[in-house]
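Dear colleague,

I am passing a structure on to you, together with some notes for someone who has not seen it before. Please look through it first and then read on.

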2 protein chains.
Amino acid sequence: MFEQLGLIGCGLMGGSFALALKKAGLVKRVVGYSKSPSTTDRARQLGVIDVEAPSALLAVAGADIVLVAVPVAATEATLKSIKHLVTPQMLVMDVGSTKADVAAAALRALRDQAGSFVPAHPIAGKEKSGVEHADADLFTGKQIVLTPTQQTTQAKLQQAREVWTALGARVISMPPEAHDAAFAAVSHLPHLLAFALLYSIAGQSYGQDYLSLAGPGFRDFSRIAASEPQMWRDIFLANQDELLEQSKRFQQALYAFEKAVKRGDAQALEGMIALASETRAQWRMGAWPALQTSAGQAPSAPPQP
Amino acid sequence: MFEQLGLIGCGLMGGSFALALKKAGLVKRVVGYSKSPSTTDRARQLGVIDVEAPSALLAVAGADIVLVAVPVAATEATLKSIKHLVTPQMLVMDVGSTKADVAAAALRALRDQAGSFVPAHPIAGKEKSGVEHADADLFTGKQIVLTPTQQTTQAKLQQAREVWTALGARVISMPPEAHDAAFAAVSHLPHLLAFALLYSIAGQSYGQDYLSLAGPGFRDFSRIAASEPQMWRDIFLANQDELLEQSKRFQQALYAFEKAVKRGDAQALEGMIALASETRAQWRMGAWPALQTSAGQAPSAPPQP
């Protein structure tokens, strides 16, 4: 049980974390701060936070758990602004979608207090952002990836694991670099491809006519193209090395498909589609091969660039 | 009311059409043929067809409506095999996902009987194929694109429109080339991209670990990658010119995104993502801008290659 959650950033993710902690009976009060006073005000009216703080630093004063739920690009400045009140007893986490940059930012910003910081990435979200859509059950049954820095203490990592588990989430931990390589492949690149497809169609003379004929396959494929521009701009820039590496590998695959099409090589084409189709058919969301044999163990680390 | 449906190909699409006609009380009996006798047998057991025909030609004998629901690559041979029994009174349609190749095949195969043939593409489907999944309501509320050939008579086009409308579908007609350009953009290319992504990830040393971390965005984006290999092999080969043209345009868009990422040009990147995001957010499945002002009119024709 925590005395006080210091919530910095009262949006969908931060608001949902506050509501989830409250619902689980894990926190006595929530002190919240948002860059926009109207957001903080709205969060209080909705019962997401109990007290409005006039600054990030003051949201941390007296807290024993802190969640930094701001855009990834603002993480370092936020951590710098609260550093003086971070203590070894405090658990500090973020919710960003990239982790190597956050881990590095935390070491720079928190210095001797970096042991309290556990970078976290909840694999959860909604198409709509904002505190109005905050949901106490957002993390139930979802996966949380913790990516401890070189300074994160074992005690804080364990405490973070317990908090998210108590919220009904499934926790895995891995190095920040492994996280970023994996998410470049299965999240950041798919977003880039979906954005590029819509951008390409929108730029064609008959693009709107084409779109009027699109069906359920297009609907599902392109859903993520409606995601928030600022957030994805920041993710692409923060994880650009891994993203560009995955995009390069993807383009090699696309080129191989195109070559088979141009040559009219039906056999090669069918074989390549079959490999993709079987891989997708066998995939199950939330199936953690590594965890099934050894609870708490991370999947093997991906190759480092 | 039709006396007899000659159904060639008793799979998901053909079976659903037969069931839908029966449910609407539009046909007295269904005579079916499939390449595989066990499929035809199963279709009869399930009540999808009433009588098994030993050949495609014999399924057409005595029919006043014929549906060719075979893989696109088999359309020409099928039409050739039934040509001698096609009459000007008969309505003959297919359900293929590409249309310029089908229209050309019909002119070659049916010659002086080509007036009876109306190429059709129902924008409907399921992830599972086979007559077991045939569904009388598959076309309800769905869109049907009719792409008359130069020989298709106005009377047959009108009759085709009435049949699909009676099944609860919404009908639009356009030239086969316009259809293929549009579907290359909003269906065939998305499938190609989804296949290439899965193929790329499957080929990486840590691909399975990456996949174990994928969430809801990946799930929806990649759903179409589980589609049937033979069918998509045929579609890619049949519509390769339009597909490769759309793929080229897509790669130009992807390159522009990558350039902005590499340069760290946050403003350009955000602008491009915003255009994509707004385009997708404004899109509604089944919203037919051209039809809202003038029923039955096709959207403007896309540029010819």
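**What was found**

Across the interface of chain A and chain B, four salt bridges are found, a salt bridge being a side-chain nitrogen of Lys or Arg within 4 Å of a carboxyl oxygen of Asp or Glu. In one salt bridge, the side chain of A:Arg223 meets that of B:Asp220, at 2.6 Å from N to O.

Before going further, please note that this is a predicted model, in which local features need pLDDT of at least 70 and side-chain atom pairs count only at pLDDT 80 or more, while totals for chains, interfaces and linings use all residues. Residues are numbered from 1 along each chain as its sequence is written, chains are lettered from A and ligands numbered from 1 in the order in which they are written, and side-chain values use heavy atoms, with hydrogens and water left out.

The average pLDDT (the predictor's confidence in each residue, from 0 to 100) is 93 for chain A, and 94% of its residues score at least 70. Over residues 289-305 of chain A, however, pLDDT stays under 50. Where pLDDT is low, the predicted coordinates should not be read in detail.

To return to the two chains, 88 residues of chain A are in contact (heavy atoms within 4.5 Å) with 88 residues of chain B. The buried area, meaning the accessible area (1.4 Å probe) that two parts lose on being put together, summed over both, is about 8500 Å² between chain A and chain B, and carbon and sulfur atoms give 73% of it. The same interface has 24 residue pairs in polar contact, with both residues at pLDDT 80 or more; such a contact is a pair of N or O atoms within 3.5 Å, where within protein one must be able to donate a hydrogen and the other to accept it, and residues adjacent in sequence count only if both atoms are side-chain atoms. Among the elements of chain A that each supply at least two residues of the side touching chain B are β8 (143-146), α7 (176-202) and α11 (240-263), where helices (H or I, at least four residues) and strands (E, at least two) are DSSP runs, numbered from the N terminus. The largest share of that side, 18 residues, comes from α7(A).

Within chain A, an automatic or database assignment gives domain 1 (2-174) and domain 2 (179-282). Their centres, taken over C-alpha atoms, are separated by 32 Å, and the contact takes 15 residues from domain 1 of chain A and 11 residues from domain 2 of chain A. Between these two domains about 970 Å² is buried, 66% of it from carbon and sulfur atoms, and the count of salt bridges is zero.

Over all chains, the salt bridges come to 34. In one of them, the side chains of A:Arg44 and A:Asp41 meet at 3.2 Å, N to O; both residues lie in helix α2 (residues 37-45) of chain A, three residues apart, about one turn of the helix.

With best wishes
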